[in-house]
Amino acid sequence: MAATTQAEDLVFGLTRVIDLPGLTAAGGAPLSAEDIAAIIGEADRFARELLWPHAQAADREGAVYENGVVRVPESYRAAYQAWREGGWQGLAAPAEVNGVETGGQELPQALWMAVSELVTAGDMSFSLCPLLSAGAIEAIARFASPSQQRAWLPSLVSGAWTGTMCLTEPQAGSDLSQVRTRAEPVGEGIYRLTGQKIYITWGEHDLAENTLHLVLARLPDAPPGTRGISLFAAPKRLADGSRNALRCGGIEKKLGIHASPTCVMLFEGAEAELIGEPNRGLNAMFAMMNAARLGVGVEGVAQGARALALAEPFAAERSQGGQPIARHPDVARMLAEIRAITLAGRLLALEAGAALDRARLLGDAAAEARVALLTPIVKAWCTDRGVDCASLGIQVHGGMGFVEETGAAQVLRDARIAPIYEGTNGIQALDLVGRKLFRDGGAAMRGLLAEVAAADPRLEPAVAAMARATDWMLDRGLRDAAAAEASAAAYLDAAGWTLGGWMLARAAAAEPRYAPLAGFYLARLLPRASARLAEIEAADSLLALMPGA
């Protein structure tokens with residue numbers, strides 16, 4: 001097939017596969033195919049002109065911490081200013097909340113996800129700042145009081161302020177029941193936060209005039225465990241312009257995303273306001289985290305796109321044995337794998353975004369269930385595949401990929417954080433099996449599999465294997481939680497491979513030029529689903545190796 005660009009695939013996916021024009025028309029906010037193409041074109045231009053040319057230099061320069069001040073690469077100043085001036089942060093933000101005009105454009109989430117993919121492929125380190133701000137906007141729009149929304153949303157939506165998620169602490173990791181940060185009430189709705197938070201993405205930087213930190217903390221009378229966690233908002237600068245009692249204690253030295261400051265944040269009696277109800281902070285924070293999980297899944301897709309954008313021209317130009325290496329069958333195989341997997345993940349992410357839009361625009365309860373089911377799959381499968389594609393990209397380059405000049409190594413270094421972000425992929429698998437599958441007896445999964453089987457006969461064997469695995473999970477898993485947990489990652493991975501094939505089959509049905517790529521995936525990559533499913537009934541072999549078995 002003739003090669004398509006990332007932007008072309010996104011426009012095709014939005015307009016021909018998930019039918020965003022039809023969805024928005026049904027929701028009373030029509031968006032034409034021409035509108036979608038224009039927005040994607042502008043986002044692609046932003047990424048290509050302001051991020052791609054500087055991404056390697058930004059990686060070398062990195063974020064710098066000196067005397068409590070964090071500086072990010074110089075090229076980010078122009079990029080972030082253009083991001084603000086273009087109104088990109090408010091693309092999918094609500095235009096009005098409780099009578100507060102936010103400045104948001106209220107465009108579909110699926111469109112925001114497509115824009116995010118382009119920006120992330122341009123420079124993942126830069127893209128993490130808008131991603132966290134989008135999550136903060138979501139949490140505040142849903143859970144903050146009208147006065148808080150009035151005070152914070154316009155600045156966040158415009159990009160004048162950025163947002164963070166301050167969850168974990170040195171002793172807590174993913175176990176938020178261990179959070180110790182304290183919130184002391186001092187009257188008039190004000191609290192003082194004291195504690196330390198770690199791994200805070202873009203917690204301190206020099207791009208925006210203020211940062212609003214969303215912080216999990218405990219009130220003095222809070223019950224133990226996750227039931228006693230509340231959510232607070234603490235700005236870097238207070239309303240009078242003075243600095244709040246919070247600071248960055250340092251930034252991490254990391255494998256990748258060097259230009260993204262990953263901060264230790266110290267709250268030393270910082271002034272804050274409670275968001276939502278006391279001891280119900282996880283409800284609000286999970287709203288932010290669920291949005292971020294889909295966003296992180298898109299990061300995995302974007303790293304596949306970046307790997308492909310580097311590997312394909314290299315393979316076309318690099319001559320070995322008297323011909324370009326792109327004509328060597330094994331190199332052609334690797335390029336085809338990167339392209340097929342990336343497109344499958346891209347379309348699956350857009351499908352999740354469309355389900356989110358159906359739920360919001362149409363009040364579709366079935367769409368809400370579909371979003372819940374797809375979120376852990378998109379997050380985990382797409383990020384694992386992003387790492388795989390980045391590794392294949394290095395292999396295509398050969399020795400030139402293992403050195404830094406080509407940029408292929410940076411893609412792998414950057415991609416590796418995504419399977420860890422926002423709940424590790426193992427946690428996503430436990431969520432899929434322990435919550436999403438069991439809570440309705442597998443009804444949502446079976447409904448989805450029926451749609452997959454109807455799309456293309458070549459998907460039927462994988463669907464049948466998924467159905468058997470679902471029955472096993474619901475039977476053995478309900479009787480033996482450890483067995484379900486031991487097989488959860490394999491089950492999620494198989495679901496991802498199967499759903500990826502579904503999306504490519506739909507792409508081929510909508511446009512014949514995608515048929516060869518879909519055929520390659522269904523013949524050579526889809527069998528990986530059955531291979532992973534074969535692991536499920538072997539749960540006991542893993543349990544026997546666990547300490548204390």
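**Figure 1. Packing of helices α11 and α13 in the predicted model.** In this predicted model, helix α11 (residues 365-397) packs against helix α13 (residues 408-415) at an angle of about 165°, with the two axes 9 Å apart. Helices (H or I, at least four residues) and strands (E, at least two) are DSSP runs, numbered from the N terminus. Axes are lines fitted to C-alpha atoms, for helices over the stretch in contact, and angles run from 0 to 180 degrees between N-to-C directions. α11 and α13 are therefore roughly antiparallel to each other; angles under 35 degrees count as roughly parallel, over 145 as roughly antiparallel, 65 to 115 as roughly perpendicular and the rest as oblique. The crossing of α13 by α11 is left-handed, a term used if the near helix is turned anticlockwise from the far one by less than a right angle, with right-handed used if clockwise. From α11, the contact involves G386, V387, A390, S391, G393, I394 and H397, and from α13 it involves A408, A409, V411, L412 and A415. Contact means heavy atoms within 4.5 Å. The residues of this contact of α11 with α13 comprise eight nonpolar, four polar and no charged; Ala, Val, Leu, Ile, Met, Phe, Trp, Tyr, Cys and Pro count as nonpolar, Asp, Glu, Lys and Arg as charged, and the others, Gly among them, as polar.

Residues are numbered from 1 along each chain as its sequence is written. Local features need pLDDT of at least 70, side-chain atom pairs count only at pLDDT 80 or more, and totals for chains, interfaces and linings use all residues, while side-chain values use heavy atoms, with hydrogens and water left out.

Figure 2. Q410 is located in α13. With a relative accessibility of 5%, Q410 counts as buried; buried means under 20% relative accessible area, exposed over 50%, and partly exposed in between (1.4 Å probe, protein chains only). When neighbours within four places in sequence are left aside, the contacts of Q410 are A55, Q56, D59 and E404.

**Figure 3. Packing of helices α1 and α10.** Helix α1 (residues 6-17) and helix α10 (residues 329-362) pack with axes 10 Å apart and at an angle of about 40°. This angle makes α1 oblique to α10. The crossing of α10 by α1 is right-handed. On the α1 side, Q6, D9, L10, G13, L14 and V17 meet R339, L343, R346, L347 and L350 of α10. By class, six nonpolar, two polar and three charged residues form this contact of α1 with α10. Helix α1 is mostly covered, as 10 of its 12 residues are buried; among them are A7, V11, F12 and T15. Just after α1, D19 adopts a positive phi of about 50°.

**Figure 4. The loop residue V72.** V72 belongs to the loop between β2 (69-71) and α5 (75-85). The residue V72 is buried, at a relative accessible area of 5%. V72 and L207 are 135 residues apart along the chain, yet their C-alpha atoms are separated by 7.9 Å. Not counting residues up to four places away in sequence, V72 touches E61, W202, H205, D206, L207, A259 and P261.

**Figure 5. Cysteines without disulfides.** The whole structure contains zero disulfides, a disulfide being a pair of cysteine sulfur atoms within 2.5 Å. For C129, the closest cysteine sulfur belongs to C263 and lies 11 Å away, too far for a bond. C129 is buried, at 1% relative accessibility. For C382, the closest cysteine sulfur is that of C389, at 10.0 Å, too far for a bond. C382 is also buried, with a relative accessible area of 2%. C248, in strand β10 (residues 246-251), counts as buried at 1% relative accessibility. Leaving aside neighbours within four places in sequence, C248 is in contact with Y65, G68, V70, E204, C263, V264 and M265.

Figure 6. Y199, although not a glycine, has a positive phi of about 60°. Strand β7 (residues 190-201) holds Y199, which is exposed, with a relative accessible area of 53%. E422, likewise not a glycine, has a positive phi of about 50°. E422 lies in the loop between α13 and α14 (425-437) and is buried, with a relative accessible area of 14%.
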